[in-house]
Amino acid sequence: MSSATAGSQARIVVVGSLNADLTIYCERLPLPGETVHGNGFAVYPGGKSANQAVAASLLGGDVSLVGAVGVDANGDMLLSSAAGAGVEVSGVRTSATEATGVAVIAVDSNGENNIIISAGANGTLSPADVAARRKRSTAPRWSVSALRSALTRWSPLPGQGATPAPQFC
């Protein structure tokens, strides 16, 4: 049962990254300076925080996501994917100056991988984004962050009235 239907339960707020995962499959990972041929390519919605938000929503949580994407097809895909899984995305800011974050992932036939991340709009996430979310709604019961984003000062979302203070995990 989602917390929206449970009445007394509060929301889950996830703060952090949304990335487009550009994934190429290959027989083996290249050595430094080497080029290998791939045998498949896909773009997936990702980012540790977006993944956590979607998982919590699919498990019945009433989830809100705070982050940043660019004004581009990857940002549109990430917002659509999260919203389609039931995540409330009004806390995801659109950056007019930075592209959506991407992860370039190579996966070999054994499932081993290497990943290079370009933060893009994730790098613009700031305490002001968390404060803006705080002004829009009541305090969450849970706050989750996988801070690969460059928040320099973290300000937890405070409890209000009889609402328990947020738990961090």
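Biologist: Which residue of strand 7 does I105 stand opposite?
Modeller: This is a predicted model. In it, strand 6, residues 101-107, pairs with strand 7 in the antiparallel sense over 6 bridges. The residue of strand 7 standing opposite I105 is I115.

Biologist: In what order do the 4 strands of the open sheet lie?
Modeller: The pairing in this sheet is mixed. Neighbouring strands are turned by 15° against each other on average, direction ignored. The order of the open sheet is 3-2-6-7.

Biologist: What angle does the direction of helix 3 make with that of strand 3?
Modeller: Helix 3, residues 73-84, packs on the sheet and touches strand 2 (19-26), strand 3 and strand 6. The angle between the directions of helix 3 and strand 3 is about 60°.

Biologist: Which element gives the largest share of the largest nonpolar core?
Modeller: That core has 13 residues, and V14, L18, A53, V63, L65, V87 and V92 touch the most other members. Two or more residues each come from strand 1 (12-16), helix 2 (48-58), strand 4 (63-70), helix 3 and strand 5 (88-95). The largest share, 3 residues, comes from strand 4.

Biologist: How many residues are in the second, separate core?
Modeller: Its members include V13, V15, V66 and L125. The count for this second core is 5 residues.

Biologist: Is R11 buried or exposed, and at what relative accessible area?
Modeller: The side chain of R11 meets that of D62 in a salt bridge, at 2.9 Å from N to O. The cut-off for buried is under 20% relative accessible area. R11 is therefore buried, its value being 19%.

Biologist: How many residues apart in sequence are the parts that R11 and E88 tie together?
Modeller: R11 and E88 form a salt bridge whose closest N and O atoms are 3.5 Å apart. R11 lies in the loop between helix 1 and strand 1, while E88 belongs to strand 5, so the pair joins parts of the chain separated by 77 residues.

Biologist: Which residues are linked with R11 in a network of salt bridges?
Modeller: The structure holds 4 salt bridges. R11 pairs with D62, and R11 also pairs with E88. The residues linked with R11 in the network are D62 and E88.

Biologist: What is the N to O distance in the salt bridge of R28 and E34?
Modeller: R28 is partly exposed, with a relative accessible area of 40%. E34 also counts as partly exposed, at 29%. Their side chains meet at an N to O distance of 2.4 Å.

Definitions and conventions:
Residues are numbered from 1 along each chain as its sequence is written. This is a predicted model: local features need pLDDT of at least 70, side-chain atom pairs count only at pLDDT 80 or more; totals for chains, interfaces and linings use all residues. Side-chain values use heavy atoms; hydrogens and water are left out. Two strands pair if DSSP finds at least two bridges between them. Axes are lines fitted to C-alpha atoms, for helices over the stretch in contact, and angles run from 0 to 180 degrees between N-to-C directions. Contact means heavy atoms within 4.5 Å. A nonpolar core is a set of buried Ala, Val, Leu, Ile, Met, Phe, Trp, Tyr and Cys residues joined through side-chain atoms within 4.5 Å. Buried means under 20% relative accessible area, exposed over 50%, partly exposed in between (1.4 Å probe, protein chains only).
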